[in-house]
Amino acid sequence: MTTSPLYTIVRNALVLLPGKAQAEPVDLLLEGDTIREIGPQGMSAPADATVVDAAGKLVHAGLINAHTHGHGALAKAMGDRWTLELLLAAGPWISGNRSLEDKYLSATLNGAEMVLKGTTACYDLFFEVPAPSVEGMSAIAQAYQDVGMRATIAPMVADKTLYEAIPGLYDALPEALRSAVDRFRMQPYAETLKGFEAFVTQTRIDSERLKIALAPTIPLHCSDEFLGACRDCARRFGLGLHSHVSESKIQALSGVKRYGRTLTAHLDKLGLLGPDFTVAHGVWLDPDDMRILAGHGASVAHNPASNMRLGSGLADLRAMLDAGVNVAIGTDGSNSGDNQNMYEATRLASFVSKVRGPDMHQWLTTPEALHAATEGGARALGFQGKIGRIEAGYKADLVFVDLGHINWLPHNRTVNQIVHVEDGTAVRDVMIGGRFVVKEGRLLTIDLAKLARQAEAARERLEAVNAPMKILAEKLQDAVASFCIGLAREPYQVERYGAPLR
Ligand SMILES: [Zn+2]
């Protein structure tokens, strides 16, 4: 790995500066991993500065993926007509029996796709069975370090299965399937955080590049005692918390059934909410939920591709912004959001707001969408004030887009064009902390040919070893689907589906 030279001067680029809709011809002086000065083209620079000639390129701040799952990369495209609950029922098949090498490989694939498509930092909620381990967490951290990107990594933890989480689901299963899912029971929660805490206390990390957080995966999948333990653990070590809250109508309805209040109100009562708390999805948040989250300075990671692909619904970003919630954008894992393309996620965030109604004043603007995909994400990840803007003092996490690419012919309005036109194919170079990780479209940090061989070998092995789980998942699919379709017909205080129920 090469280290950053002391000074770098990026010359001749058009640069999108904070709050601007149009890129401007300025030069960027970088010192090590940091933007030191922004000045007119031709500005003076130290004589020994490395010169990066970015003529014909647009430079914008690296995109920040506020919600992904490293384990999802090896499971991309394994399903089609899955709701969230069907995806969870398929979990032991599509994500089961992963070795330590598989965990590293999947996160590396995830990171490689992100940087190739202009993302420089992510919030990864990865999964280990039965619980996070020092080795597993080290492997995920190593994967992102090897790719060369920043990451906040959060193991997903739970002490209940899907079948215990949704009131009535277990009893609705045929007898034979009930005994089959009994085998998925989680270990008592007191054991679950031991490996996590060992990693946090033993591992020295570069906190400029990597942060640790904790993800009680879905509130309903955690006992109140366990949620309290997660809260205490996060407080003790000063870590972020991230959870899938009101992602689906099934979750929202189940929350009210189980707790007598919304999931957000319940998390508030248990004291989990705060500025370091990120709600993933939040499709079925109601106005009170949004007010509560805003009052705590919490974030929502909006995943429009996944929300549509899993039929979760159309989240109301305008209402979240009006309430004062920090909004970020994520791709979700490739097992539900299908890819790690933040340009696409940002474009869809804009589009989802536009199909919610005829009043265009309520629609997301392209600067709002881009803000969510950069600064909103920085805050959710715990990197606020360090990344997400091209400004002196911020880290040099920069994307260089080829203005000669068909996406930019002609270059009209920069922000509109990044959010609505760019799809990642014009990304030529990506710099993270002053160091190029992608140059001329090539990933410099990872051998992609080797990664391809490893991914195919892992796919083949996992397909064979998880074949019995596939058979079980297919049997469960019908039972889970019919229960959830019935439950989803019950009324809820907000409507997020794309059309009235038939
Ligand atoms: Zn997720």
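This is a predicted model: local features need pLDDT of at least 70, side-chain atom pairs count only at pLDDT 80 or more; totals for chains, interfaces and linings use all residues.

Trainee: Which residue does D182 form a salt bridge with?

Mentor: The general idea is that side chains of opposite charge can pair when their charged atoms come close. In this case the partner of D182 is R185, and the closest N and O atoms are 3.7 Å apart. R185 is also partly exposed, at 46% relative accessibility.

Trainee: How many salt bridges does a search of the whole structure find?

Mentor: The search gives 29. One of them joins the side chains of D232 and R231, with an N to O distance of 2.9 Å. D232 is partly exposed, with a relative accessible area of 37%.

Trainee: Which parts does the pair of R389 and E375 tie together?

Mentor: The side chains of R389 and E375 meet in a salt bridge of 2.9 Å, N to O. R389 sits in the loop between α17 (366-381) and β15 (398-402), while E375 belongs to helix α17, so the bridge ties together parts 14 residues apart in sequence. R389 has a relative accessible area of 23% and is partly exposed; E375 is partly exposed with a value of 23%.

Trainee: Which residues are linked in a network of salt bridges?

Mentor: D33, E208, K386 and K395 are linked in this way.

Trainee: Now burial. Is L17 buried or exposed?

Mentor: L17 has a relative accessible area of 13%, and buried means under 20%, so L17 counts as buried. L17 is found in the loop between β2 (14-15) and β3 (24-31). Leaving out residues up to four places away in sequence, L17 touches E24, V26, I38 and I390.

Trainee: And cavities: how many of 30 Å³ or more are there?

Mentor: Rolling a probe the size of a water molecule over the atoms shows where empty space is left. Here the count is two cavities of 30 Å³ or more. The largest cavity holds about 50 Å³ of space, and its lining residues include F127, E128, M156 and T192. By class, that lining has eight nonpolar, one polar and one charged residues.

Trainee: What lines the second largest cavity?

Mentor: Its volume is about 40 Å³. Among the lining residues are A61, I64, T120, R389, K395 and D397. The lining divides into three nonpolar, three polar and three charged residues. Two names return here: R389 also forms the salt bridge with E375, and K395 also belongs to the salt-bridge network.

Conventions:
Residues are numbered from 1 along each chain as its sequence is written. Side-chain values use heavy atoms; hydrogens and water are left out. On a 1 Å grid over the protein atoms alone, a cavity is a set of points where a 1.4 Å probe fits but cannot get out, and a pocket is an open set with protein on both sides within 12 Å along at least five of seven lines; lining residues have an atom within 4 Å of a point. Grid points are joined across faces, edges and corners, and a volume is the space filled by probe spheres set on the points. Ala, Val, Leu, Ile, Met, Phe, Trp, Tyr, Cys and Pro count as nonpolar, Asp, Glu, Lys and Arg as charged, and the others, Gly among them, as polar. Helices (H or I, at least four residues) and strands (E, at least two) are DSSP runs, numbered from the N terminus. Buried means under 20% relative accessible area, exposed over 50%, partly exposed in between (1.4 Å probe, protein chains only). Contact means heavy atoms within 4.5 Å. A salt bridge is a side-chain nitrogen of Lys or Arg within 4 Å of a carboxyl oxygen of Asp or Glu.
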